[in-house]
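Hi,

Here is the structure I promised to pass on.

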Amino acid sequence: MVKERARILVVGGGYVGMYTALRLQRKLKRELGRGEAEITVVTPDPYMTYQPFLPEAAAGAISPRHVVVPLRRVLDRCRIVIGEATAVDHARRTATVTTLATDEEGGTGQQLAYDHLVLAPGSVSRALPIPGLAEYAIGFKTVEEAIGLRNHVLEQMDIASSTRDPALRDAALTFVFVGGGYAGVEALGELEDMARYATRYYHNLRPEDMKWVLVEASHRILPEVGEDMGRYTVTELRRRNIDVRLETRLDSCADRVAVLSDGSRFPTRTVVWTAGVKPHPVLAATDLPRDERGRLRCTPELAVEGTTRAWAAGDAAAVPDVTAREEGKECAPNAQHALRQARTLGDNIVHSLRGEPLETYSHAYAGSVASLGLHKGVAHVYGRKLKGYPAWFMHRTYHLSRVPTFNRKARVAAEWTLAGLFKREIVSLGSLEHPRAEFELAAGGKPSPNPPHNPKGSS
């Protein structure tokens with residue numbers, strides 16, 4: 001039994017937000033039924049994106065609908081508010097939230113009161129003031145970006161196939177990826193694999209005509225899988241004629257020309273930015289303590305330091321790693337920790353409501369797996385190093401076991417099975433991004449060169 005009626009506000013519908021709310025609605029099932037507890041989830045999207053599947057969605061191996069989990073279906077005992085938390089005043093236990101109706105109503109947002117706060121807004125792309133980056137680059141954090149990138153790559157192949165201008169053809173077939181972490185390496189590996197396969201259907205394109213460039217500022221890529229597997233990945237990518245530039249930075253991509261710090265220049269129509277993330281901006285609009293990187297300072301119990309009834313986990317939180325040998329080390333901001341932290345976080349909120357002792361979050365890092373395209377991968381799990389097909393198979397097996405709901409597991413497994421029996425789909429549906437263009441033209445108007453701003457796209 002809870003001691004008093006509890007209003008729990010969860011900010012964010014990603015890994016931590018969804019799994020914490022799911023844990024709470026299971027643990028507080030009777031209290032929710034009696035009206036003694038209330039869970040509200042504020043999220044900009046009505047779904048949770050399983051980000052490890054984004055590269056395969058971009059390559060067409062998985063349908064975009066199966067990379068996301070509908071929150072209203074999974075969190076059927078929670079109140080889902082589609083909107084953004086723009087400020088949090090924890091001293092007054094209120095959060096300012098803007099919804100899809102805020103602009104239409106002419107307001108500045110509504111105030112949501114709470115008793116317990118879970119801040120799990122995740123992270124956003126960490127962009128640098130590089131000339132041309134904001135105008136020409138695309139990120140790789142959302143399902144919209146993944147599908148948009150797939151459409152873009154296939155569109156560039158269409159442009160190269162149909163032009164007689166050699167400069168335009170070379171620029172269309174040059175793809176620059178910035179960032180050698182999971183997102184950059186897996187996205188490049190999957191898309192290069194897809195594009196190489198697609199060339200068999202173009203009469204005047206060959207795999208050798210395409211230039212794929214990976215730019216990484218440090219001396220290694222995929223640090224999560226270890227130095228040996230990182231070196232193997234570089235060798236494997238270069239064997240596929242992918243140009244890997246280590247200890248190199250992107251200095252400019254203005255005028256559709258990628259200029260690197262080593263002096264190289266690549267006329268290109270594709271720059272993919274995956275060079276790191278930063279905490280969500282809402283954290284700066286709170287009265288909660290943050291570290292030098294802008295993340296919330298947390299205790300091993302996942303409570304925000306120096307506060308009561310404020311909790312955090314995932315990318316937005318600096319959580320002490322109690323299993324580490326080095327003092328002061330923090331948990332890595334990855335999905336493996338986020339999923340497990342969410343369980344402990346949900347349990348600790350219930351313990352707090354019932355006056356019970358809190359649990360300490362403790363999880364030794366199990367290892368990492370990464371896909372480099374169809375039947376290719378690297379893995380470093382429990383001290384064992386795998387590469388090639390075994391690593392790729394482990395990558396799929398692990399993530400299939402982790403994707404939420406049996407419904408999604410079955411659909412993804414079915415798609416993989418069908419993909420093994422039939423040929424790849426190489427269709428571009430770029431018109432999804434501007435669905436009104438054809439009707440505007442048919443109605444006698446002129447398609448707007450600058451459609452209404454929609455950061456999430458329409459695909």
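A disulfide, as counted here, is a pair of cysteine sulfur atoms within 2.5 Å. With that cut-off, a search of the whole structure, which is a predicted model, turns up zero disulfides.

Salt bridges are another matter, as the search finds 23 of them. In one, the side chains of Arg354 and Glu31 meet at 3.0 Å, N to O. This pair links distant parts of the chain, 323 residues apart: Arg354 sits in the loop between α11 (335-353) and β22 (367-371), while Glu31 belongs to helix α2 (residues 29-34). Arg354 is partly exposed, at 23% relative accessibility, whereas Glu31 is buried, at 2%.

Arg231 and Asp228 form a salt bridge at 2.5 Å, N to O. Both are in helix α10 (residues 227-239), and because they are three residues apart, about one helical turn separates them. Arg231 is partly exposed at 47%, and so is Asp228 at 33%. There is also a network, in which salt bridges with shared partners join Glu192, Asp193, Arg196, Arg240, Lys376 and Arg424.

Finally, the surface: Leu418, Leu421 and Phe422 make a nonpolar patch of about 360 Å². Phe422 lies in the loop between α13 (406-421) and α14 (437-442) and is exposed, with a relative accessible area of 58%.

Best wishes

Notes: Residues numbered from 1 in each chain as written. Predicted model: local features only at pLDDT ≥ 70, side-chain atom pairs only at ≥ 80, totals over all residues. Heavy atoms only, no water. Patch = residues over 30% accessible without salt bridge, like charges linked within 9 Å, V, L, I, M, F, W, Y side chains within 5 Å. Areas by Shrake-Rupley, 256 points an atom, 1.4 Å probe, with all protein chains shown as cover. Salt bridge = Lys/Arg side-chain N within 4 Å of Asp/Glu carboxyl O. Helix = DSSP H or I, 4+ residues; strand = E, 2+ residues; numbered from the N terminus. Buried < 20%, exposed > 50% of the residue type's maximum accessible area, 1.4 Å probe, protein only.
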